[in-house]
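I am opening a notebook on a structure that is new to me. The entries below follow the order in which I looked things up.

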Amino acid sequence: MNNENKEMSVRLLNALSEDYKTNAELQNDRELTLKLVLRRPELYEYASDKLKADEEIAETCFKGDGRLIRFAPESIRSNPKIALVAATDYPLCISFLTGEAAESREIAELVAKNGGSAIEALPEKFFSDKEIAKIAVTKNAKNVRFFSENVRADEEVCLAALAQDRTVCAYFADDAFKSDKVFERSVRADRGVIGANTLSNDMPLGLFEKIAEKNLTIRLGSQKIDLLTIDYDKLYAVLSVCEGNVIRKKELLARVVEKDDRKCAELLCEKFSVPPQTIKDALPYAVQHRKMRVLPYLMSYMHSKNVGEREEREKIVRGLKRNSPKAVQTLFDNISEYKTDREVILLCAKVNGAVLKLIEDSPLFNDSEIVSECVKSYVVKNADKPFVLWFKTMPFSYDDLKVLCRKDHRNYFALDEKYRKDSVLCAEAVRSGIGVYDMMAEDMKQIPIVKEAKR
């Protein structure tokens with residue numbers, strides 16, 4: 001019997017709820033409305049204006065669904081007590097609040113504790129409130145990005161955020177790094193070098209300036225920094241703390257010339273030894289577009305470098321004869337100057353065969369001696385694609401292909417079908433490693449020379 005009564009109660013509730021949406025008499029019945037919204041708070045939307053302004057009814061509804069405050073009259077939306085009930089259930093309702101409720105610090109703290117997109121809806125004054133910010137970053141460190149520049153420079157706020165997530169320093173204001181504590185917790189240094197994979201284009205200028213102030217350096221290749229896309233106002237600061245070489249000097253110099261930035265041009269050219277040919281290529285644009293701050297410097301720099309070209313070449317040659325990795329890197333960085341210099345390229349081919357990738361547009365690309373030396377000296381890296389796939393045309397002799405297949409079986413599988421049908425090349429590939437035989441086509445496995453090559 002109890003179950004039957006209960007079922008009838010549910011049926012009645014459903015029926016009344018549907019009628020309530022269209023029946024003005026029901027919508028003005030306070031007692032009935034209060035009973036209904038205990039179970040169906042969403043009916044608040046259909047209540048009469050008088051009952052929507054009823055604090056007891058509003059509070060009852062908002063406990064179940066804070067989003068309903070959007071249907072409330074201003075007297076409710078400006079009531080801090082009732083607004084707090086709504087915000088407890090649904091923090092984003094702060095965007096619907098007005099008057100005293102919108103300015104309520106208690107509600108702002110509640111929103112900050114919950115974090116998320118609701119923080120963006122806080123009244124403007126709270127974005128300059130350091131205490132609200134500290135509450136917000138304790139919930140989610142990245143919430144710091146919503147606050148004013150002064151707050152994002154505050155030591156206590158920044159340290160509270162860093163305690164949750166070190167990468168959040170990308171959202172700090174430049175002045176935040178005037179604090180040694182903030183700087184030291186944002187990055188790590190080992191023997192004067194900033195740790196790998198800790199810096200990116202998004203890092204504030206103030207962080208890079210602090211690195212320079214501390215006489216620390218960064219290795220560009222180990223960071224997530226692209227000098228061609230980083231905000232230009234950070235470029236000089238980044239270059240000033242880099243050690244080693246930078247790549248794509250031609251494009252980088254073009255960016256500096258476009259800005260007519262002599263200070264940055266001097267740093268780039270002198271610290272990173274930009275080749276004279278790169279300067280020469282940049283001059284026509286500088287002349288045509290009247291880049292009068294950088295133009296005199298570029299002409300002077302190119303003249304002084306031309307004097308030293310012979311000495312630079314001799315230094316590279318000496319280094320290559322000693323198998324110096326530094327000489328190879330210097331050559332790679334300045335390949336446009338030497339890609340037709342047979343002596344230099346041949347010496348490099350004997351040390352590092354990867355040079356073949358850099359001279360495909362040079363006549364030396366088809367020099368059989370250089371190609372063979374490159375084939376012998378290139379280092380197989382599984383992270384790279386097969387060596388033969390680096391090239392649009394095939395400069396390799398048959399003997400070169402045998403060496404390539406023996407060094408890395410992936411070269412064999414990258415060849416055209418006519419080469420994959422060659423039993424000698426197949427056998428060389430099989431000799432390259434355990435398990436390669438099983439990867440071969442069934443007809444190739446039956447060839448005696450291929451069987452014999454199996455490990």
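Between which two helices does the loop with Arg290 lie? I am working from a predicted model. I found Arg290 in the loop between helix H18 (276-288) and helix H19 (295-321). I then read its backbone angle: phi of Arg290 is near 55°, a positive value in a residue other than glycine. I noted this because most residues other than glycine have a negative phi. Arg290 counts as exposed because its relative accessible area is 62%, and the cut-off for exposed is over 50%.

I looked up Asn323 next. Phi of Asn323 is near 60°, again a positive value in a residue other than glycine. Asn323 lies in the loop between H19 and helix H20 (325-333).

**Entry on helix H16**

I turned to helix H16 (residues 249-258), where I found Val257. Is Val257 buried or exposed? Val257 has a relative accessible area of 1%, so I put it down as buried, the cut-off being under 20%. Leaving aside neighbours within four places in sequence, I listed its contacts as Tyr285, Ala286, Lys291, Val294 and Leu298. I also took a distance to Glu311, which is 54 residues from Val257 along the chain. The C-alpha atoms of Val257 and Glu311 are separated by 27 Å.

Lys249 is also found in helix H16.

I placed Asp400 in helix H24 (residues 398-407). Asp400 is buried and has no salt bridge; Lys376, the nearest side chain of opposite charge, is 7.1 Å away. Beyond neighbours within four places in sequence, Asp400 is in contact with Val371, Ser372, Val375 and Pro395.

I then checked helix H23 (residues 368-377), which is largely enclosed by the rest of the structure because 7 of its 10 residues are buried. I wrote down the buried ones as Ile370, Val371, Ser372, Glu373, Cys374, Val375 and Ser377. They pack against helix H22 (342-349) and H24.

**Entry on helix H12**

How many of the 8 residues of helix H12 (residues 155-162) are buried? I counted 6, so the helix is mostly covered. The buried residues in H12 are Val157, Cys158, Leu159, Ala160, Ala161 and Leu162. What covers them includes helix H10 (130-139), helix H11 (149-152) and H13.

**Entry on surface charge**

Arg166, Lys181, Arg185 and Arg188 form a positive one. Arg185 lies in helix H13 (residues 180-186), and its relative accessibility of 44% makes it partly exposed.

I also found a patch of negative charge, where Glu149, Asp174, Asp202, Glu209, Asp231 and Asp233 gather. Asp202 sits in the loop between strand S2 (193-194) and helix H14 (205-213). I noted Asp202 as exposed, with a relative accessible area of 56%.

Technical notes. Residues numbered from 1 in each chain as written. Predicted model: local features only at pLDDT ≥ 70, side-chain atom pairs only at ≥ 80, totals over all residues. Heavy atoms only, no water. Patch = residues over 30% accessible without salt bridge, like charges linked within 9 Å, V, L, I, M, F, W, Y side chains within 5 Å. Areas by Shrake-Rupley, 256 points an atom, 1.4 Å probe, with all protein chains shown as cover. Salt bridge = Lys/Arg side-chain N within 4 Å of Asp/Glu carboxyl O. Lys, Arg positive; Asp, Glu negative; His and termini not counted. Charge placed at Lys NZ, Arg CZ, Asp CG, Glu CD. Helix = DSSP H or I, 4+ residues; strand = E, 2+ residues; numbered from the N terminus. Buried < 20%, exposed > 50% of the residue type's maximum accessible area, 1.4 Å probe, protein only. Contact = heavy atoms within 4.5 Å.
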